[in-house]
Amino acid sequence: MRNPILVALDVPTLPEALRLVEELRDVVGGFKVGLELCTSVGVPQVVDALSAVAGRSGTGGSLFVDLKLKDIPNTVAGAARGLVRPGVAMFNVHADGGTAMMRAAAEAVQAAMASAPAGMPRPLVLGVTVLTSIDAATLRGELQVAADPLDQVTHLARLAQAAGLDGVVCSAHEVAAIRATCGSDFITVVPGIRPEWADAGDQRRVLTPADALRSGADYLVIGRPITRPPTSVGAPIDATRRILDEIQAAGEARVV
Ligand code: C5P
């Protein structure tokens, strides 16, 4: 049994991120750091500082470094090598960067593990499918992708698996189709999570935490509902506890 919540630390400064990690590390499964923090502070600095604090609890030690890499294979392989460091549990590349690029990332991680500290787990490499802020109209009308989101996501998941990735980032609405295509060992990490009491914000294809777990998601990425909860809910830790209660009340008892 493990805690499936990864809190998205979409804040601009390290002290703000550290405050959230200290507050939440005992009640979540890990933290996601993304472009906002990494571009202003630096990836090694962010990873080392946050994992040192997060790792003091039993559950909150793992970091998902969400940089959504996409470039030519050689460049992505080099970036992937830099992410093989203690504290990084998972990172991601854009699946629409293509098979050669994804394979280069997976192989670079394997190769870098040979010189990693003893006992360090291999970071999982995930493929980003279609951003949850992109809906069918945007996909077809603006990006000129003829497939509907579900078909496009399933297609990209299949490519990611064939290229040797460990799983994908996708919407909860797509987890069942991905499971049917890629099997139960292929990991699904799901953003676009909104408890009923939270604002949707810019997310379009959303689901509640309990419904997302019911759909078969392995991890839930939750940002603003936890980091900026409505005042009626309270502090980030109150929002997290409320989400855990809602998950358990819905019978999704995977939270210890
Ligand atoms: O605040 P919110 O819960 O919407 O945060 C969701 C997080 O998940 C953000 O950090 C966003 O960048 C990330 N994400 C996403 N959709 C994807 C991949 C990542 O919303 N497909």
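This is a predicted model: local features need pLDDT of at least 70, side-chain atom pairs count only at pLDDT 80 or more; totals for chains, interfaces and linings use all residues.
**Strand β8 and its neighbours**

I5 stands opposite L220 in β8. Strand β1, covering residues 5–8, is joined to β8 by 3 bridges, and the two run parallel. Another partner of β8 is β7 (residues 187–190), again parallel, with 2 bridges between them. Here V189 has Y219 as its bridge partner in β8.

What about the side chains of β8 itself? In a regular strand, side chains alternate between the two faces of the sheet. In β8 (residues 219–222), Y219 and V221 point one way, while L220 and I222 point the other way. Whichever way they point, all four of these residues are buried.

Zooming out, the chain holds 11 helices and 8 strands. Its radius of gyration is 17 Å, close to the 18 Å that the globule rule gives for 256 residues, so the chain is as compact as a globular protein of that length. Along the principal axes, the C-alpha atoms fill a box of roughly 45 × 45 × 35 Å. Buried residues make up 53% of the 256 in the chain. Of the contacts with a separation of 6 or more, 69% link residues 24 or more positions apart.

As for the surface, the accessible area comes to about 10,900 Å², and carbon and sulfur atoms account for 52% of that. The charged side chains number 23 positive and 27 negative, with the centres of the two sets 3 Å apart.

Technical notes:
Residues are numbered from 1 along each chain as its sequence is written. Side-chain values use heavy atoms; hydrogens and water are left out. Helices (H or I, at least four residues) and strands (E, at least two) are DSSP runs, numbered from the N terminus. The radius of gyration is taken over C-alpha atoms; the globule rule is 2.2 Å times the number of residues to the power 0.38. Buried means under 20% relative accessible area, exposed over 50%, partly exposed in between (1.4 Å probe, protein chains only). Contact means heavy atoms within 4.5 Å. Accessible areas come from the Shrake-Rupley method with a 1.4 Å probe; for residues, only the protein chains shown count as cover. Lys and Arg count as positive and Asp and Glu as negative; His and the chain ends are not counted. The place of a charge is taken as NZ of Lys, CZ of Arg, CG of Asp or CD of Glu. Two strands pair if DSSP finds at least two bridges between them.
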